[in-house]
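Please read the following account with the sequence and the 3D view side by side.

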Amino acid sequence: MTILVTGGTGYIGSHTAVELIERGYEVIIADNLSNSSESVLDRIEEITGVKPKFYLIDLTEREPTEKIFEENKIDAVIHFAGLKAVGESWQKPALYYRNNITSSVVLAEVMAEHGCKKLIFSSSATVYGEPKSVPISEDFPLSTTNPYGTTKLMIEKIYTDLATSDKEWNITLLRYFNPIGAHKSGLIGENPNGIPNNLMPYIVKVAAGELYQLSVFGNDYPTPDGTGVRDYIHVTDLALGHVASIEKMTEPGVHIFNLGTGKGYSVLEIVNAFEKVNGVKVPYVITARRPGDIPMCYANPDKAKSELGWETKLGLEDMCRSAWGYAVNKLKK
Ligand code: NAD
Ligand code: UD1
């Protein structure tokens, strides 16, 4: 079975490519390298022994996207490609709408023309906006608080309409919670450009001495220690959620799953675990809340467990150890 992985040189895409290749799938990667590097293909080869076929293309462009389907018999697509920085999406909303939505529409049109109607889309827990309660189930009301999140919600809607109009479409919308950590080899991981926005990449840079200290955004939330609580999921578990989804793509229609652990950790719990597991110091200071942040967000992952037979296996220690392992590996190079 041949799977096209868009955004496959990126963080989650590369981990998913590895898990697919290790299970005998043929993987083809398409990426414009706007937020990743071609060297990831060599790392994937180092881990799996297979270097995936690669198309350096922008998925907003129709012709190069068509070329992939003309040159290969694609059975299913996992669509990771997209821009994902919340802050940047406020500065450049048009870029986010054009890149994320146009690429998703072009991809679906080209797929349909070539009779490939199995599609898995990377959505996000951000589509739940400010949830009224936790844990969050798939049937919770949807809303967004930033342009990035709106692109995810709009693409979910576009793909749902496609499946309504044409009963052959088999579309899975996967709503990720907070992926962190890296592959156990230390060869692939999260590699944000510049100063990270997200918690774990920031912690890693503080521990490595590249940034002075972590700002903990608020300790007056209605949570056990006052700091924000999130559902952190190991990126390898998340990748395996995609493998489970591919294996269960038998029924046409739209299928929606939360991919999370069901357990929330606070910012200070993450900092403490990281320090303990890795024997490093992460100096921090408490600062004001970050605008737009919610107090608590964690998944009800029961649907993925019962329908996909998937649940997370790796815990917080694995997440902290592997995130640091990847960083140390990079520092050595
Ligand atoms: P990433 O930036 O590491 O990977 C995305 C890849 O898509 C990059 O390699 C980038 O170069 C590529 N890309 C972007 N626009 C493209 C285009 N027009 N044509 C071709 N390639 C393009 O991000 P990630 O963390 O691996 O996220 C993957 C997907 O999961 C994204 O859609 C993201 O929005 C979604 N997601 C991520 C998180 C997270 O916390 N990382 C959470 C929820 C959802
Ligand atoms: C953020 C995005 C969300 C996106 C997700 C994954 C915002 C408002 N939300 O979610 O839309 O889907 O990333 O990309 O940007 N924290 C600190 N100090 C830091 C960084 C974070 O205290 O330097 C805290 C935050 O307040 C939060 C927790 O750590 O409580 C996690 O933050 P982060 O990793 O940015 O993820 P989310 O806010 O959940």
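Strand β8, which spans residues 214-217, gives the most to the shell around ligand 2, with four residues. In this predicted model, 18 residues surround ligand 2, and the closest of them are L199, S215, R230, R290 and D293. Sorted by class, the shell around ligand 2 holds eight nonpolar, seven polar and three charged residues.

Several polar atoms of the protein can be located beside the oxygen atoms of ligand 2. The side chain of S124 places a polar atom 3.3 Å from an oxygen atom of ligand 2, and a polar side-chain atom of N198 lies 3.0 Å from an oxygen atom of ligand 2. On its own, ligand 2 has 740 Å² of accessible area, and the protein covers 87% of it.

Ligand 1 has 26 residues around it, of which I12, D31, N35, S36 and Y148 come nearest. The shell around ligand 1 divides into ten nonpolar, twelve polar and four charged residues. Which strand gives the most to the shell around ligand 1? That strand is β5, with three residues.

In the case of D58, an N or O atom of the side chain is 3.1 Å from a nitrogen atom of ligand 1. For K84, an N or O atom of the side chain is 2.8 Å from an oxygen atom of ligand 1, and a polar side-chain atom of K152 also lies 2.8 Å from an oxygen atom of ligand 1. Taken alone, ligand 1 exposes 830 Å², and 95% of that is buried by the protein. The elements that give two or more residues to the shell around ligand 1 are helix α1 (11-22), strand β5 and helix α6 (147-165).

Strand β5 leads from this site into the sheet. Seven strands form an open sheet with parallel pairing, and their order is β3-β2-β1-β4-β5-β6-β11. At the edges stand β3 (53-56) and β11 (253-259), each of which pairs on one side only. Neighbouring strands of this sheet are turned against each other by 20° on average, with direction ignored.

Strand β4, made up of residues 76-79, and strand β5, made up of residues 118-124, pair in the parallel sense over three bridges. Within this pairing, V77 has L119 as its bridge partner in β5. Helix α3, covering residues 62-71, lies across β1 (2-6), β2 (26-31), β3 and β4, and runs at about 160° to β3.

With which residues is L331 in contact, once its neighbours within four places in sequence are left aside? The contacts of L331 are then with A208 and E210. Although L331 and A208 are 123 residues apart in sequence, their C-alpha atoms are 8.6 Å apart in space.

Note on methods:
Residues are numbered from 1 along each chain as its sequence is written. Chains are lettered from A and ligands numbered from 1 in the order in which they are written. This is a predicted model: local features need pLDDT of at least 70, side-chain atom pairs count only at pLDDT 80 or more; totals for chains, interfaces and linings use all residues. Side-chain values use heavy atoms; hydrogens and water are left out. Two strands pair if DSSP finds at least two bridges between them. Axes are lines fitted to C-alpha atoms, for helices over the stretch in contact, and angles run from 0 to 180 degrees between N-to-C directions. Contact means heavy atoms within 4.5 Å. A residue is near a molecule or strand if one of its heavy atoms lies within 4 Å of it. A polar contact is a pair of N or O atoms within 3.5 Å; within protein, one must be able to donate a hydrogen and the other to accept it, and residues adjacent in sequence count only if both atoms are side-chain atoms. Accessible areas come from the Shrake-Rupley method with a 1.4 Å probe; for residues, only the protein chains shown count as cover. Ala, Val, Leu, Ile, Met, Phe, Trp, Tyr, Cys and Pro count as nonpolar, Asp, Glu, Lys and Arg as charged, and the others, Gly among them, as polar.
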